[in-house]
Amino acid sequence: MTSRSWADFRSAEPDFADSVRQRFELYKHHVLATLRKDGSPRVTGLEVDFWHGEPFLGMMPNSRKALDLRRDPRFAVHANPGPDAEMSDGDVRISGRAVEVTDPEVLARFISERKPPEPFHLFRVEPAEVVRVGIEGGDTIVVQSWRPGHPLRTIRRGNDDGSATTAP
């Protein structure tokens with residue numbers, strides 16, 4: 001799995017990155033998937049905090065999800081789909097690596113600016129894939145996906161049995 005920084009993603013696809021950020025900022029709580037020691041998935045809630053334009057994952061000390069990420073940094077986080085079935089703002093997820101922040105100066109700045117409950121673990125997101133799914137024109141599913149080193153890919157599929165169209 002190739003990972004890059006959020007800044008690399010934002011530089012490559014600024015409009016898409018902004019739309020993903022805005023979607024996460026609609027709600028406070030989201031769903032994180034990590035890998036347990038035996039390789040099975042663990043799904044749990046958490047907050048995604050965009051601090052200085054980058055997504056960070058904060059969690060209680062020695063929580064299962066923090067221990068999972070310390071052992072295996074692969075993750076996926078899914079934005080809260082919202083209060084109803086309409087999902088008018090789309091469906092967004094980020095997968096990649098979560099890198100624990102251990103630099104005391106960075107942690108001190110985060111604490112002074114965000115005032116999180118202490119103690120805590122803080123992880124910086126290195127995206128390997130960012131996906132947004134939405135509905136266009138009432139019946140066309142639009143899937144946008146980005147991976148490091150590749151252009152933004154868009155697939156449109158109608159609600160008929162016709163083929164999907166892909167760009168680029």
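**Strands, pocket and helix**

Author: Let us begin with a pair of residues: Val48 stands opposite Leu57 in β3. Please keep in mind that this is a predicted model.

Reader: Which way do β2 and β3 run, and how many bridges join them?

Author: β2 and β3 run antiparallel, and four bridges join them.

Reader: How many residues lie between β2 and β3 in the hairpin?

Author: The hairpin formed by β2 and β3 has two residues between the strands. In the turn, His52 has a positive phi of about 55 degrees.

Reader: What about β6, in which sense does it pair with β3?

Author: Strand β6, residues 121-136, pairs with β3 in the antiparallel sense, over four bridges. Within β6, His121 stands opposite Met59.

Reader: Let me turn to the pockets. How much space lies in the largest pocket?

Author: The largest pocket holds about 360 Å³ of space.

Reader: Which residues lie nearest its centre?

Author: Glu47, Gly58, Met59, Pro116 and Pro117 lie nearest the centre of the largest pocket, out of 17 residues that line it.

Reader: How does the lining divide into nonpolar, polar and charged residues?

Author: The lining of the largest pocket has 10 nonpolar residues, two polar ones and five charged ones.

Reader: Now a helix, please. What span should α2 have, and what is found?

Author: Helix α2 covers residues 14-25, which is 12 residues, and at 1.5 Å a residue it should span 16 Å. Its end C-alpha atoms are 16 Å apart, so the two values agree.

Reader: Which residues of α2 are buried?

Author: The buried residues in α2 are Phe16, Ala17, Ser19, Val20, Arg23 and Phe24. They lie on the same side of α2, because they cover an arc of only 160 degrees around the axis.

Reader: And which residues are exposed on the other side?

Author: Asp15 and Gln22 are exposed on the other side of α2.

Reader: One last topic: where does Ile141 lie, and why does it count as partly exposed?

Author: Ile141 lies in strand β7, residues 140-146. Ile141 counts as partly exposed because its relative accessibility is 39%, and partly exposed lies between under 20% for buried and over 50% for exposed.

Reader: How far apart are Ile141 and Arg74 in space?

Author: Ile141 and Arg74 are 28 Å apart in space, C-alpha to C-alpha, and 67 residues apart in sequence.

Key:
Residues numbered from 1 in each chain as written. Predicted model: local features only at pLDDT ≥ 70, side-chain atom pairs only at ≥ 80, totals over all residues. Heavy atoms only, no water. Expected span 1.5 Å × (residues − 1). Buried < 20%, exposed > 50% of the residue type's maximum accessible area, 1.4 Å probe, protein only. Arc of directions from axis to C-beta. 1 Å grid on protein atoms, 1.4 Å probe; cavity = no way out; pocket = protein on both sides within 12 Å on 5 of 7 lines; lining within 4 Å. Points joined across faces, edges and corners; volume = space filled by probe spheres on them. Nonpolar A, V, L, I, M, F, W, Y, C, P; charged D, E, K, R; others polar. Pairing = 2+ DSSP bridges.
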